[in-house]
Amino acid sequence: MQLTIKYFGMLAEATSITEEQLQIDNCSVSELVEKLIHQYPALDKKDFKVAVNQQLVNHNYIINNKAEIALLPPFAGG
Amino acid sequence: MEKKKLKNVFVQGAISSEFIGTSIAKHQTKTSIGAHNIFLGQVRADDIEGKIVTAIDYTAYEEMANQKFHEIREATFEKFDLTCMHIYHSLGKVNIGEICLFVFVSSPRRKVVFEALEYVVEAIKAEVPVFGKEIFEDQTHQWKQNS
């Protein structure tokens, strides 16, 4: 399946990209995060939440379809 | 489908006092309103280990943020007897002393607007994916985090 991965705030800074496409088999959010940290060691120990198609999900959530994944650092609105 | 109708809450740069004034004036025709309440978030010159913040550069996951603003708006109307409600949030650079968040609630009665405004502002701070880069005088930066 094809995933679009979006990085925001300090995570975009850590990876030096804001968005990329990824071809990957069905996986849990934690497996995906592990893979991304392997690819971008600067993500390690960063505090972030994961949204799948604009909904926050926990790390057990299974991604089994084309989706937009966003890595969201702590919110700072207002 | 529904997403196409979402309001865009974001404005580029600081929210001017003229914009806020005009927004208030527009409500003079809504004569069932007896009370307005307004929250203005202002960028603060925080002193962080001897370095002074001069501006915040805001970014957001805009699609999700507008969806969240929409959900907060719906929940607030459900919970409180409001006549109307407006939210504007800055994107991009906002200097210290400038306004970055404008929330405006109106109701026939005052007690409602006091409670509703706090509810909306707290929900925005906790739930909306907006990110802030605090820029110091020497152009270094750190990432803001809501407490």
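Which exposed residues does the face of α3(B) turned away from its buried side carry? The answer is K111(B), F114(B), E115(B) and E118(B). Before going further, a caution: this is a predicted model, and every value I quote is computed from it.

α3 of chain B runs over residues 110–127, which makes 18 residues. From its first C-alpha to its last it reaches 26 Å, close to the 26 Å expected at 1.5 Å a residue. The buried residues of α3(B) are V112(B), V113(B), A116(B), L117(B), V120(B), V121(B), A123(B) and I124(B). They cover an arc of only 160° around the axis, so they sit on the same side of α3(B). What do these buried residues pack against? In chain B, their partners are β2 (35–42), α2 (62–79), β5 (84–95) and β6.

E74(B) counts as partly exposed, at 45% relative accessibility. Along the chain, E74(B) and E118(B) are 44 residues apart, and their C-alpha atoms are separated by 15 Å.

Next, strand β6 of chain B, where I have two phenylalanines to show. F104(B) has its place in this strand. Is F104(B) buried or exposed? With a relative accessible area of 0%, F104(B) is buried. Leaving aside neighbours within four places in sequence, F104(B) is in contact with S23(B), I24(B), H27(B), H36(B), N37(B), I38(B), C84(B), M85(B) and H86(B). Take I38(B) from that list. I38(B) and F104(B) are 66 residues apart in sequence, yet C-alpha to C-alpha they are 4.6 Å apart in space.

The other phenylalanine is F102(B), in strand β6, residues 99–107. F102(B) is also buried, again with a relative accessible area of 0%. Its ring pairs with that of F19(B), the two centres being 6.4 Å apart. The planes stand at 85°, which is why the pair counts as edge-to-face. F19(B) belongs to helix α1 of chain B, residues 17–25, so this pair links distant parts of the chain, 83 residues apart.

Now to chain A and its helix α2, residues 29–39. Which residues of this helix are buried? They are V29(A), L32(A), V33(A) and L36(A). These cover an arc of only 100° around the axis, and therefore lie on the same side of α2(A). On the other side of α2(A), E34(A) and H38(A) are exposed.

Last topic, charge pairs. Side chains of opposite charge can pair when their charged atoms come close. How many salt bridges does the structure hold over all chains? It holds five, and I will go through some of them.

In chain A, E19(A) forms a salt bridge with K6(A), with the closest N and O atoms 3.5 Å apart. E19(A) lies in strand β2, residues 19–23, and K6(A) in strand β1, residues 2–7, so the bridge ties together parts 13 residues apart in sequence. E19(A) counts as partly exposed, at 40% relative accessibility. K6(A) is buried, with a relative accessible area of 13%.

Also in chain A, K45(A) forms a salt bridge with D44(A), with 3.8 Å between the closest N and O atoms. K45(A) is exposed, at a relative accessible area of 78%, while D44(A) is partly exposed at 39%.

In chain B, D46(B) forms a salt bridge with R44(B), and here the closest N and O atoms are 2.8 Å apart. D46(B) counts as partly exposed at 23% relative accessibility, and R44(B) as exposed at 57%.

To return to the opening question: α3(B) has its buried residues on the same side, and the face turned away from that side carries K111(B), F114(B), E115(B) and E118(B). That is what I have for today.

Key: Residues are numbered from 1 along each chain as its sequence is written. Chains are lettered from A and ligands numbered from 1 in the order in which they are written. This is a predicted model: local features need pLDDT of at least 70, side-chain atom pairs count only at pLDDT 80 or more; totals for chains, interfaces and linings use all residues. Side-chain values use heavy atoms; hydrogens and water are left out. Rings of Phe, Tyr and Trp (its six-membered ring) pair if their centres lie within 6.5 Å; planes under 30 degrees apart count as stacked, over 60 as edge-to-face and the rest as tilted. Helices (H or I, at least four residues) and strands (E, at least two) are DSSP runs, numbered from the N terminus. Buried means under 20% relative accessible area, exposed over 50%, partly exposed in between (1.4 Å probe, protein chains only). The expected span of a helix is 1.5 Å times one less than its number of residues. The arc is that of the directions from the helix axis to the C-beta atoms. Contact means heavy atoms within 4.5 Å. A salt bridge is a side-chain nitrogen of Lys or Arg within 4 Å of a carboxyl oxygen of Asp or Glu.
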